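Subject: Structure handover

Hello,

Please find the structure below, for your files. My notes on what was found in it follow.

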Amino acid sequence: MGLDLCVEGRAKPGHEAAWEVSIRRFFADEELSDAEIEHFQSISEPAYETLGAPRVGFDQSADDWIAGQMADRMTRQEAIAEFSGYHALSLIECDGLPKYTHAGLYEGVDETSFRGKWLETCVHVLSNETISEAWSHRMPDEAVNYGNALLSAAAEARKGNIQNRSKPSFLRRIFGTPPDTLPIEEQLDIVETAGRWFVFWGSRGHPIRAYY
């Protein structure tokens, strides 16, 4: 079973209470009506807006980017008109856009998502409990706390406190076999990238959904 960690929209100013009720119901797997979902979306700010990336039709850099991307299909003017308002996330770099992602491979996973499945390979950095906790939805403060826990574990490993373990058997049974155990530097990079990602989004008011 795979795991993608997806960024949910944060509350728009003035709608915090209603937003929190809705996101907690969503995380509890309660069924929301179409009207309730529409209302929730209307009071939420998507992750891509938080990033402040250049927008097609508003920023020269985004116009140049989309024109280049679509050069073999349409003219510059057509591309700008077709994608007006699109946030060009490819033009920015930040901890909220991780390199460990399955963005574009299937529906519902975009560039802001983190491929949580990779944490299974980090058995020399993370405890069994910390790995298993990745399969949980998190409110913003919980995302920050988990991110800091990942960063602390990586800091300990960099001091030489390496965990000498193989993948825990219960994870093998539940989630299947991950890639072979990675070199310690790669494990550290995954954990530190994930830690910064969780802190980035949680500190900006975005909850994290575990999608598997």
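A residue counts as exposed when its relative accessible area is over 50%, as buried when that area is under 20%, and as partly exposed in between. Lysine 99 has a relative accessibility of 58%, so this residue is exposed. Please keep in mind that the model is predicted.

Loop between helix 5 and helix 6

Lysine 99 is placed in the loop between helix 5 and helix 6. Its C-alpha atom is separated by 21 Å from that of histidine 124, and the two residues are 25 apart along the chain. Glycine 104 is in the loop between helix 5 and helix 6 as well. With a relative accessible area of 69%, glycine 104 is exposed. Between the C-alpha atoms of glycine 104 and glycine 205 there are 24 Å, with 101 residues of separation along the chain.

Aromatic residues

How many aromatic pairs does a search of the whole structure find? The search gives 9 aromatic pairs. One of the pairs joins tyrosine 100 and tryptophan 118; their rings are 6.4 Å apart centre to centre, with 50 degrees between the planes, and the pair is tilted. Both partners sit in the loop between helix 5 (76-82) and helix 6 (128-132), 18 residues apart, and the pair links distant parts of the chain. Is tyrosine 100 buried or exposed? Tyrosine 100 is at 17% relative accessibility and therefore counts as buried. Tryptophan 118 has a relative accessible area of 29%, so it is partly exposed.

Phenylalanine 200 and tryptophan 201 make an edge-to-face pair, because their planes stand at 80 degrees, with ring centres 5.0 Å apart. Both phenylalanine 200 and tryptophan 201 are buried.

One aromatic cluster is formed by Tyr100, Phe114, Trp118, Tyr146, Trp197 and Phe198. Tyrosine 146 also has a charge over its ring: the charged end of arginine 138 sits there, 3.9 Å from the ring centre. In a further contact of this kind, arginine 55 lies over the face of phenylalanine 58, at 4.2 Å from the ring centre.

Largest pocket

The volume of the largest pocket is about 520 Å³. Its lining consists of 19 residues, and those nearest the centre of the pocket are Val7, Glu8, Gly9, Gln41 and Arg209. Which elements each supply at least two residues of this lining? They are strand 1 (4-7), helix 2 (34-42), strand 3 (44-45) and helix 3 (47-51). Helix 2 gives the most, with 3 residues. Sorted by class, the lining has 9 nonpolar, 6 polar and 4 charged residues.

Cysteines

How many disulfides does a search of the whole structure find? The search returns 0 disulfides. Cysteine 6 is in no disulfide, and the nearest cysteine sulfur, that of cysteine 94, is 16 Å away.

Regards

Key:
Residues numbered from 1 in each chain as written. Predicted model: local features only at pLDDT ≥ 70, side-chain atom pairs only at ≥ 80, totals over all residues. Heavy atoms only, no water. Disulfide = S-S within 2.5 Å. 1 Å grid on protein atoms, 1.4 Å probe; cavity = no way out; pocket = protein on both sides within 12 Å on 5 of 7 lines; lining within 4 Å. Points joined across faces, edges and corners; volume = space filled by probe spheres on them. Helix = DSSP H or I, 4+ residues; strand = E, 2+ residues; numbered from the N terminus. Nonpolar A, V, L, I, M, F, W, Y, C, P; charged D, E, K, R; others polar. Phe/Tyr/Trp six-rings, centres within 6.5 Å; stacked < 30°, edge-to-face > 60°. Buried < 20%, exposed > 50% of the residue type's maximum accessible area, 1.4 Å probe, protein only. Lys NZ or Arg CZ within 6 Å of the ring centre and 35° of its normal.
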